[in-house]
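Colleague: I've got a new model open and I'm still learning to read one. Can we go through it together?

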Amino acid sequence: MKSFDYIRPTTIPEAVAAAAEPGSAYLAAGTNLLDLMKAGVSRPDRLVDVTRLPGLDGIKRLADGGVRIGALVRNADLAHDPYFARTYPFLAEALLSGASAQLRNAATVGGNLMQRTRCGYFYDLASACNRREPGAGCDARDGENRLHAVLGWSDACIAIHPSDFCVPLVALDAVVEIEGRSGRREIALEDLHRLPGDAPERETALEPGDLIVAVRLPGTAAAFFRHARYLKLRERTSYAFAVVSAAAAFDFQGDTIRQARLSLGGVGPRPWRAREAEAVLAGASPEEAAFRAAAEIALADARPSGDNAFKIELAKRIVVRALTAAAAGTPGRIPALPASPFSSVPGVHHHA
Ligand code: SF4
């Protein structure tokens with residue numbers, strides 16, 4: 001066991017200063033980091049425990065109609081917050097489709113954004129992995145790669161980002177508030193996760209010491225609550241990461257789509273916003289032909305990174321299904337199997 005320092009700062013500037021030192025890592029619930037440390041994949045010299053920092057655990061409604069979610073808000077608390085679930089139903093659906101009940105009770109919003117890939121070779125110290133050890137190679141390229149990326153990958157790394165929550169978040173133009181060595185700044189969630197290029201070890205746009213303090217949704221995000229769904233296809237019904245997933249939302253004017261939002265999970269190294277598909281849907285009627293055209297556009301740049309060509313067709317189908325479900329309307333209650341592709345499209349409203 002590698003020894004490490006553990007510190008528990010009581011102010012944000014103190015935490016940022018401590019975490020800016022080389023070899024430091026932030027610790028919140030630790031639902032991912034502690035596993036990585038036990039496996040020897042992550043070997044920090046210092047853990048900076050942020051769980052006692054003030055002001056990071058609230059859900060606050062904003063004057064512009066948006067919401068600010070503190071980085072330490074637990075996934076389960078957010079999903080079950082009545083205002084949040086009613087206003088952003090597909091975010092609640094995505095949260096409840098992730099991990100297990102026990103993990104959702106512990107895992108935080110900030111940690112959800114910062115979780116690492118679940119590529120099996122990344123976790124296996126006997127395997128070559130550019131993300132874990134720059135320049136080592138990538139054993140996934142010729143290995144078990146059916147669940148790896150079909151969008152945004154590079155020869156250096158074909159891993160995907162595993163979050164469910166980030167998928168509808170990115171569709172709603174979420175903004176990440178960051179406290180760093182030079183003060184407060186914010187970036188679009190869409191820009192938080194980097195594409196691997198030739199430096200997959202640089203996973204995010206964060207600098208040393210940067211602390212995510214909140215995620216904010218703009219007032220415009222509330223326009224979609226009547227027509228928003230997150231569908232997740234996975235290899236078992238719970239406690240599994242997405243093979244592919246899709247978040248779809250509409251704002252209608254009469255029978256016409258005024259605005260559409262669409263993003264995908266399980267397909268690339270970041271939650272994947274499909275802006276060109278959204279543009280095609282705006283002004284269209286909510287019909288299958290339009291949804292199929294949007295799916296083709298959303299996956300137009302997709303290419304297999306290994307034994308995973310099937311994911312491209314699967315992603316198109318989940319996009320069509322998510323758009324169809326969103327057009328039918330947000331269910332009054334989240335289905336008993338949240339985001340299950342086996343729940344009927346209009347939503348048989350099981351009582352959980
Ligand atoms: Fe590592 Fe990325 Fe290759 Fe997986 S796909 S082994 S994370 S470099």
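This is a predicted model: local features need pLDDT of at least 70, side-chain atom pairs count only at pLDDT 80 or more; totals for chains, interfaces and linings use all residues.

Colleague: Okay, where is the place of Gly152?

Modeller: Residues are numbered from 1 along each chain as its sequence is written, and side-chain values use heavy atoms, with hydrogens and water left out. Helices here are DSSP runs (H or I, at least four residues), numbered from the N terminus. Gly152 sits in the loop between α8 and α9.

Colleague: Is Gly152 buried, partly exposed or exposed?

Modeller: Buried means under 20% relative accessible area, exposed means over 50%, and partly exposed is in between (1.4 Å probe, protein chains only). Gly152 has 25% relative accessibility, so the label is partly exposed.

Colleague: And how far apart in space are Gly152 and Val267, C-alpha to C-alpha?

Modeller: In sequence, they are 115 residues apart. Gly152 also has contacts (heavy atoms within 4.5 Å) with Leu195, Pro196, Pro269 and Trp272, leaving aside neighbours within four places in sequence. From C-alpha to C-alpha, Gly152 and Val267 are 8.4 Å apart.

Colleague: Which side chain makes a polar contact with the side chain of Asp164?

Modeller: Asp164 lies in the loop between α8 (120–123) and α9 (166–171), and it counts as buried because its relative accessibility is 6%. A polar contact is a pair of N or O atoms within 3.5 Å; within protein, one must be able to donate a hydrogen and the other to accept it, and residues adjacent in sequence count only if both atoms are side-chain atoms. At 2.8 Å, the partner of Asp164 is Lys232.

Colleague: How many residues of α5 are buried?

Modeller: The buried residues of α5 include Pro89, Phe90 and Glu93. The helix is mostly covered, and the count is 8 of 8.

Notes
Helices (H or I, at least four residues) and strands (E, at least two) are DSSP runs, numbered from the N terminus.
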